[in-house]
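Subject: Structure for your files

Hello,

Here is the structure you asked about, with the sequence. My notes on what was found in it follow below.

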Amino acid sequence: MNHVRRAKAVFDIELDALRRTRGALDRRFHLAVETIIKCLRNKGKVVVTGVGKSGNIGQKIAATFNSTGTTSVVLDSVNAMHGDLGVIHDGDVVLALSYSGETEELLRVLPAIKRFRVTIIALTGHPHSQLARYSDLVLPLRVTKEACPFNLAPTATTTVTLVLGDALAMCVLEARGFQKSDYAKLHPAGAIGRTMLLQIKDIMRTGPRNAVIAETRTVKDALLAMTKARSGTISVVDKRGKLTGLFTDGDFRRAIARDSGVLTHRLDRVMTRNPITIRQSALAVDALRIFQERQIDDLIVIDDKKRPVGIVDSQDLPKFKIM
């Protein structure tokens, strides 16, 4: 058996089902999206229910809704009759998944669901099934055959159900004006959440770890202060505390190579003027961009009065999983 050829045949079968289902999209899909949006505006939610493989797909659809700002729950069709119907409230939208539209466990719970003032949207391959008759809207799934050689195991049907659920979620997302920053709020532990939410003030070194010195002090004083702060960079300020420059251990090595008496020099003679800075309200990912573009190791953080309030060390970024 040529496994690659067989795999490609599976792809072809499922792609054909996707194309057919895509071609069946019409005003009913538009109404389904608008119905969900209206439900959310009224503080309702999307309840997804199905049995077997459809139930598994339903869990993924509900997860996608939740991660994109559409409140959603999964209703187990079997447990529904034993108290789980309590998750449904008037005004909700129920997504009922069943390709055959004749799944016994699902049909058994539909009359109870209909007692609530909800809109039932069916995702089914049989528009004249019992599920379709119970529903307010039917979104058709067009599948000619499963990828299973026995035409039994749900394969193409689960694929088109999942993609149709994704289409609903993405259309609702865009219609509601859901932004990337909103997505980050719902994923604070993920990479996107970190890059979108973590600010410079969350990662900068402050207090004893933020070395600051007056420009009238000597290089020796600066080195002692840098050693105490365990930092390779020190902010240099004028008498008002305003940043005028910075001095690094690299600056010291270069300076002493030219002049062995540099330890007694005032910092305003040897410091780097007009250093690159960042505000504490900026995003941490902005610091990463600056480090990459300017090839520097430390970044001075200033406030509205250009006073150094912290420092970002590039070596700290991996610790915060920014890099």
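In helix 1, Ile13, Glu14, Ala17, Leu18 and Thr21 meet Ala156, Thr159, Val160 and Val163 of helix 6. Sorted by class, this contact of helix 1 with helix 6 has six nonpolar, two polar and one charged residues. Please keep in mind that the model is predicted. The axes of helix 1 and helix 6 are 9 Å apart, and the two helices pack at an angle of about 45 degrees.

Helix 3 covers residues 53–67 and helix 6 covers residues 156–175; their axes come within 9 Å and cross at roughly 20 degrees. That angle makes helix 3 roughly parallel to helix 6, because angles under 35 degrees count as roughly parallel. Here too, helix 3 passes helix 6 in a right-handed crossing. From helix 3, the contact takes in Lys53, Ile57, Lys60, Ile61, Thr64 and Phe65. From helix 6 come Thr158, Thr161, Leu162, Gly165, Asp166, Leu168, Ala169 and Met170. The residues of this contact divide into seven nonpolar, four polar and three charged.

Next, the cores. The largest nonpolar core has 31 residues. Which residues have the most contacts inside it? They are Ile36, Phe65, Leu95, Ile121, Leu123, Leu139 and Leu168. The elements giving two or more residues to this core are helix 1 (3–23), helix 2 (27–41), helix 3 and helix 6, together with strand 1 (46–50), strand 3 (93–97), strand 4 (119–124) and strand 5 (137–140). Helix 2 supplies the largest share, seven residues. With neighbours within four places in sequence left aside, Ile36 is in contact with Val46, Phe65, Thr70, Val93, Leu168 and Val172. Apart from this core lies another, of 19 residues, which includes Ala80, Val94, Leu110 and Leu131.

Thr119 is found in strand 4. Is Thr119 buried, partly exposed or exposed? Its relative accessible area is 24%, so Thr119 is partly exposed. Not counting residues up to four places away in sequence, Thr119 touches Thr35, Asp92, Val93, Val94 and Asp136. Thr119 and Asp221 are 102 residues apart along the chain, and their C-alpha atoms are separated by 74 Å.

His265 sits in the loop between helix 11 (249–258) and helix 12 (267–270). With a relative accessible area of 13%, His265 is buried, because buried means under 20%. Leaving aside neighbours within four places in sequence, the contacts of His265 are Arg217, Thr218, Val219, Asp259 and Val270.

Arg240 is in the loop between strand 7 (233–237) and strand 8 (243–248). Arg240 has a relative accessible area of 64% and is therefore exposed, as the cut-off for exposed is over 50%. Arg240 and Arg307 are 67 residues apart along the chain, while their C-alpha atoms are separated by 8.7 Å.

Regards

Terms used: Residues numbered from 1 in each chain as written. Predicted model: local features only at pLDDT ≥ 70, side-chain atom pairs only at ≥ 80, totals over all residues. Heavy atoms only, no water. Axes fitted to C-alpha atoms, helices over the stretch in contact; angles between N-to-C directions. Helix = DSSP H or I, 4+ residues; strand = E, 2+ residues; numbered from the N terminus. Parallel < 35°, antiparallel > 145°, perpendicular 65-115°, else oblique. Left-handed = near helix turned anticlockwise from the far one by under 90°. Contact = heavy atoms within 4.5 Å. Nonpolar A, V, L, I, M, F, W, Y, C, P; charged D, E, K, R; others polar. Core = buried A, V, L, I, M, F, W, Y, C linked by side-chain atoms within 4.5 Å. Buried < 20%, exposed > 50% of the residue type's maximum accessible area, 1.4 Å probe, protein only.
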